[in-house]
Amino acid sequence: MLKDAFCEEMLAHYQYIILADFVEGVDEPLLKKIVADFKENAKEELEDHAFWILKRLKELGSDWVGIENPNLIDQVATHKYIMPTVNQAITCVEQIAQAERSAIETYNNLIAFTEERDKVTNKKMKEILKDEEKHLKEMETFIDKIKEAWEKEEKDAQKQFEKENEKSK
């Protein structure tokens, strides 16, 4: 289960860093917030989550079979990599939200499994779960902000159209 979580963290890190450099399709201030958040989350997924899990696997005497080859990571992960389909902000954020929901499921399962078996891992899984829930909330907030911006643009365009229509009468 920890190898699975490690692989999912590596995939999450990769998704965040790729999208941070290619996401587009919203106004500049919101885009800057999204990109900064993607980069911060990428760092957390790698440095706090994946590296801790890797260290814990070693402490527990695990081997590296299945995680030693980057070509196998998506095969080992229960929740597969969500390949970006377009670089539009709304789609990117929605795909990351989907991945975060999967991560929450993974950590809930790990918490349940380690509850009586491994207090050290259980404590860290609870911490990581909080991070993943925070990431999901951030993505949901971005989705709402993007939709609000679209609605505002639509209303502004409608007002402009009506204004120009009045002038032509």
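**Close-up 1. Cysteine 7, a buried residue.** Cysteine 7 has 0% relative accessibility and so counts as buried (buried is under 20% relative accessible area, exposed over 50%, partly exposed in between, with a 1.4 Å probe and protein chains only). Cysteine 92 is buried too, with a relative accessible area of 0%. A search of the whole structure turns up zero disulfides, a disulfide being a pair of cysteine sulfur atoms within 2.5 Å. A quick word on what you're looking at: this is a predicted model, where local features need pLDDT of at least 70 and side-chain atom pairs count only at pLDDT 80 or more, while totals for chains, interfaces and linings use all residues. Residues are numbered from 1 along each chain as its sequence is written, and side-chain values use heavy atoms, leaving out hydrogens and water.

**Close-up 2. Lysine 3 meets aspartate 63.** These two form a salt bridge, with their closest N and O atoms 2.5 Å apart (a salt bridge is a side-chain nitrogen of Lys or Arg within 4 Å of a carboxyl oxygen of Asp or Glu). Lysine 3 sits in helix 1 and aspartate 63 in the loop between helix 2 (28-59) and helix 3 (73-76), so the pair links distant parts of the chain, 60 residues apart (helices are DSSP runs of H or I, at least four residues, numbered from the N terminus). Lysine 3 is buried at 18% relative accessible area, whereas aspartate 63 is partly exposed at 44%.

**Close-up 3. Arginine 101 and glutamate 140 join side chains.** Their salt bridge spans 3.9 Å, N to O. Arginine 101 lies in helix 4 and glutamate 140 in helix 5 (residues 119-168), so parts that are 39 residues apart in sequence get tied together. Both ends are partly exposed: arginine 101 has a relative accessible area of 43%, and glutamate 140 has 31%.

**Close-up 4. Lysine 124 pairs with glutamate 127.** Here the salt bridge is 3.6 Å, N to O. The two residues are three apart in helix 5, which means about one helical turn separates them. Lysine 124 is buried at 10% relative accessible area, but glutamate 127 is partly exposed at 37%. Elsewhere, salt bridges that share partners join Lys55, Arg56, Glu59 and Asp118 into one network. The total count comes to eight salt bridges.
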